[in-house]
Structures are given as structure tokens and as C-alpha cells.
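Look at it first, then read on.

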Amino acid sequence: MLALTVLPWCCAALAASAPLPAPQEGAGELNVLHWWTSASERAAANHVAARMAENGLKWVDGAVAGGGGGPAIKVLNERILRRMAPKVAQLNGQSMTEWADMGLLLELDGVAAKRNWSKVMFPQVMAQVTVRGHVVAAPLGIQRINNLYLNKPLFKRLGIDLPNDWDGIERAAAKLRAAGVTPVAFSDEPWQVATVFEAMLLSEAGPALYRRMLEQRDLNAFDDPALARALQRLRTWRNLAQPVGAAAAPGERPWTDVVADFANERAGMLIMGDWARGELGAMGLEGERDFSCKAVPGTAQAHLYSIDTLAMLAGNGGSTADQEKMAELLGSATLQLGYNRIKGSIPVRRDVPVDELDPCAQQSFHLFANPNTPRVPSLVHRMAFGEVGKNAIIETVHRFALDPTQTPAAAQRKLQGLLRALAPKKTAP
């Protein structure tokens, strides 16, 4: 049975019947529900809070631990059902459409027009925060998902060349294991498994086929052998995470523990989004000196992205002006640079100078800014799917990864059947 996150449509009757009062807070106080709880995420959130304080606003923290945001979304659903909606909530990608369609999100058209968001922000960003022609969230940063990190001091000490392709990775993995080092840092936590999988899918399928599968939801595309190859690549990568001298699998661990394994030379390689780079920075590591940040092999010219956004919850009465003021601040060039430098992501604005960001972030920014770059939306981080589809696909991929008896072909058929079940039902004329 699929463990799906509660959907916002469960709140539709409540949303239609009455406004949603927020918890009692003073003037200028904005309760923010989010899932930024690691050291680097916390520092980035604190940066936003400090800039808000300078502008007469108070960030009232409502952090909910849990990578990928699943627990936070459940808490948000519960608070809305109890008529205790926060004034601000982290909502990403396709799931915002469901909330906006019920009138639960404050429209920020005035802020967007005043600050000329349509001109200064990337078109993909505006598309993500716009529902039915209305801007319903304030974007904060863009993260690249298809990153491969290599521990440079470890590779140098062991005399291993930094790999550039899958063959090189397998050779490096063999040498790392021979030296007593686990080749790959990995977690069996479902969203982390699926995050690696979507990078593998992009590598094997290429941007066009990836889009046919996860953006256009073309059932025929799921017959392509590239999907089976991506699933097998995922299983191979997980096998490389088998701890040296241990019979146990990697196990479900927070992503911060996985990054710590990499940082402390307990593992040599890691596939993870830009948030890993922010966390490495919080640990005192520097890109180029302490680690190499490359694209997953086969994806160098593509940008698999997710976008961090904060939505303002409607029905908060006298708080509207404060919510709009916060949204305006979030989109400012100064805050964009400060927040993304800490978080590891890149600004959502095209006009922000990025020479102060690390080399990996600069590369990500210029790649995303290039109109010829294939930009593909993340499945796991809600860019391509809403909550139900995302969770169902994650669970299917997760079950395959942990079940060595299941063939890639069987998982491929399950994914195709799942997409068929998720397709909108046709009504009789």
C-alpha cells in the first residue's frame, strides 16, 4: 500500500467554508513553516530572518525536521484542518497548484509587478510560482540535483585519478574499497534513493526522453530501455555504498549523515543536490580545495533543477501587508545573494552578480542562464509532479532498490502502470 502524503484537497470543504486564522502573533510577526533544519539550511534561514528584522518583520520559526519536506507537508495539512494555518509555508513546485486552486494561497501579483519579477527572474522560476495567471509564492533559490562530489584529499592520498565517466567511477570505487574506504556515501531513505535515481535517469535517457517520461508523462516513453538501464545504474551505485567489511546495507539515514561520511573521508563519492555543498561549507570544507563538484556522468550539459519557494497563506486578515513585505524582500537581489551563498543554491534572478559564489555555484548559474541549456524538472522535489504522483513513484523506485529479486524490467512495468493509474480519468460525453 502506498504511503502517500495527505493531500490538500482533504481541506477543500474547510477552505470554502471559512478563512483560516493563523496562530496569535503580534504585528509584524510571521510564523514560517519549513523543513530547513540542517546546519547550512538553518544558517540560510537565519540570514533571511535577520534581513526581515532589519525591515521591521519577525520570523517566527516553525521548522519541521525531515528531508524532502514530507513531514512538514503533513504538519501543514493538519494545521489547516485545525484552522491554525501559518502565515508563511515552504511549498515547492506542482503541489502549489493544488493549494492555490482552493484559494489557500495569497496572490502576490502586486508584489511581482512592483518589483518587475517577470523581467528580472528566470522564466522557469516564474512558471513555477504562477498558477492560473497569478503569482502565488516568492522564489528563493534554484538547486541543481545532478551533482557528483569527489573527495579530493582522499583521492590524492590514495593516488586515485578523479573519474569523469562511469567506467572511471567503477575503477575508482575498486581502488577505494581496496584501501578500506566505502566508495559511495548513500542512504536508503526513500527520497534520497529517488533523488539519485532521477540523476541516473537523466544520464541514461537524456533530457528529451526524461521530459517525455516525467513532464509529458508519455506512457510509451516508459518502454524505452534507458529506464531499465537507469534502474540498474541505481542498484549498482547502491551496491558501491556497501560498507567495507560489513554485511549490512547502507540503511535509512538523514542526508546530513551521508554528507558527513563524505566530508570525513568515510566515503569517497556522493551524488546529491546543491544542498550538500551548502552543508559541506558549514563543515568548513571548500570547493575545488576539499572536493570536486562535477555533473553526474552523461548530464554535464543539462540542469536537473528544483526551486525553493515560500508561499503566503491566505485568510490571515491584517497580516497581508506584512506577508507582501516579506515576499518583496525575498525577491530582492541582496537577499538572494546572501541566502544562496549559504544554502549552496543559486539566485532566481538573472541580474545578480554571482562572482562571490563558489565555482560550482557559478557553473550552475551560467548553465541555467544559458537559453540553450536543457533544464529538466526534478521529480522528487515536486517540480514535475504533485504530492501523490511524487510519493508513488518514489516508493516504487525505493522498493526496487532494496529488493534484489526484482528485475529492472519488472520495475519498469510497475512505473508504467503507475503512470497509467495517475493519468486523469476521461469522462463520458
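Q: In which sense do strands S7 and S10 pair, and over how many bridges?
A: This is a predicted model, where local features need pLDDT of at least 70, side-chain atom pairs count only at pLDDT 80 or more, and totals for chains, interfaces and linings use all residues. Residues are numbered from 1 along each chain as its sequence is written, and side-chain values use heavy atoms, without hydrogens and water. Strands are DSSP runs of E with at least two residues, helices runs of H or I with at least four, numbered from the N terminus; two strands pair if DSSP finds at least two bridges between them. S7 (residues 147–151) and S10 pair in the antiparallel sense, over five bridges.

Q: Which residue in S10 stands opposite Leu150?
A: S10 covers residues 291–295. The residue opposite Leu150 is Ser292.

Q: How many of the five residues of S10 are buried?
A: Buried means under 20% relative accessible area, exposed over 50%, and partly exposed in between (1.4 Å probe, protein chains only). S10 is mostly covered. The number buried is four.

Q: Is Gln406 buried or exposed?
A: Gln406 sits in the loop between H17 and helix H18 (408–422). Contact means heavy atoms within 4.5 Å. Beyond its neighbours within four places in sequence, Gln406 is in contact with Arg235, Arg399, Phe400, Ala411 and Lys414. Its relative accessible area is 8%, so Gln406 is buried.
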